[in-house]
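This briefing accompanies the sequence and structure shown below.

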Amino acid sequence: MTITTNPPSDPQARPMKRSDLPAGLWSTRATFRHGQCDPAGIVYTPKFFDVFNQAIEQWFGEALGISYYDIIGARRTGLGYASAAATFFIPCMMGEEIEIVVEVTRIGGKSYTLTLHAFKGEDEALRGQFVTVATALDIHRSIPIPDDIRQALTVYSQGAKR
């Protein structure tokens with residue numbers, strides 16, 4: 001069964017306003033540091049993926065109630081990205097704070113898609129999309145999304161109200 005709430009990111013996508021997203025989505029804040037920027041003070045593109053990954057790890061514990069580290073460590077279940085993409089709308093600069101909002105946009109059999117929206121104030125600065133595949137780390141093969149993760153993803157996505 002696949003649940004899709006929004007179409008995948010599109011390179012021709014238009015930036016959203018923070019108020020365009022459904023209520024009930026989890027968010028966190030990140031401030032860009034000197035080491036994440038080029039000499040002009042603009043954030044290096046790869047740093048956004050690192051910030052997004054940190055937000056996803058935090059989201060697992062705070063919003064889904066599942067330890068990301070337990071999944072990968074003790075449970076030996078991988079949550080690797082089969083695809084990662086970003087659409088950039090406005091630059092982010094050293095010292096600026098963004099709000100990152102996590103949205104579940106698809107739940108499939110062995111994979112799910114997260115869309116992360118990064119806002120500077122009310123304006124979307126960039127959007128990331130991550131297709132995550134559940135894998136058995138000991139054999140490096142895809143597996144069905146574990147039941148507790150599937151349930152948590154479903155509950156989270158249903159809690160977002162448009």
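Which residues are buried in H3? In this predicted model, the buried residues of H3 are Ile149, Ala152, Leu153, Thr154, Tyr156 and Ser157. Helix H3 spans residues 147–159, and its contact with helix H1 (residues 45–64) is treated first.

**Helices H1 and H3**

- H3 consists of 13 residues, and the distance from its first C-alpha to its last is 18 Å, close to the 18 Å expected at 1.5 Å a residue.
- The axes of H1 and H3 come within 11 Å of each other and cross at roughly 75 degrees.
- Angles of 65 to 115 degrees count as roughly perpendicular, and H1 and H3 are therefore roughly perpendicular to each other.
- H1 contributes Trp59, Phe60, Ala63 and Leu64 to the contact, where they meet Ile149, Ala152, Leu153 and Tyr156 of H3.
- By class, this contact of H1 with H3 comprises 8 nonpolar residues, with no polar and no charged ones.

**Strands E2 and E4**

- E2 pairs with strand E4 (residues 97–107) in the antiparallel sense, over 5 bridges.
- Threonine 31 has glutamate 97 as its bridge partner in E4.

**Isoleucine 139**

- Isoleucine 139 lies in the loop between strand E6 (123–136) and strand E7 (141–142).
- Isoleucine 139 counts as exposed because its relative accessibility is 56%, and the cut-off for exposed is over 50%.
- Isoleucine 139 and tyrosine 112 are 27 residues apart along the chain, and their C-alpha atoms are separated by 20 Å.

Conventions: Residues are numbered from 1 along each chain as its sequence is written. This is a predicted model: local features need pLDDT of at least 70, side-chain atom pairs count only at pLDDT 80 or more; totals for chains, interfaces and linings use all residues. Side-chain values use heavy atoms; hydrogens and water are left out. Two strands pair if DSSP finds at least two bridges between them. Helices (H or I, at least four residues) and strands (E, at least two) are DSSP runs, numbered from the N terminus. The expected span of a helix is 1.5 Å times one less than its number of residues. Buried means under 20% relative accessible area, exposed over 50%, partly exposed in between (1.4 Å probe, protein chains only). Axes are lines fitted to C-alpha atoms, for helices over the stretch in contact, and angles run from 0 to 180 degrees between N-to-C directions. Angles under 35 degrees count as roughly parallel, over 145 as roughly antiparallel, 65 to 115 as roughly perpendicular and the rest as oblique. Contact means heavy atoms within 4.5 Å. Ala, Val, Leu, Ile, Met, Phe, Trp, Tyr, Cys and Pro count as nonpolar, Asp, Glu, Lys and Arg as charged, and the others, Gly among them, as polar.
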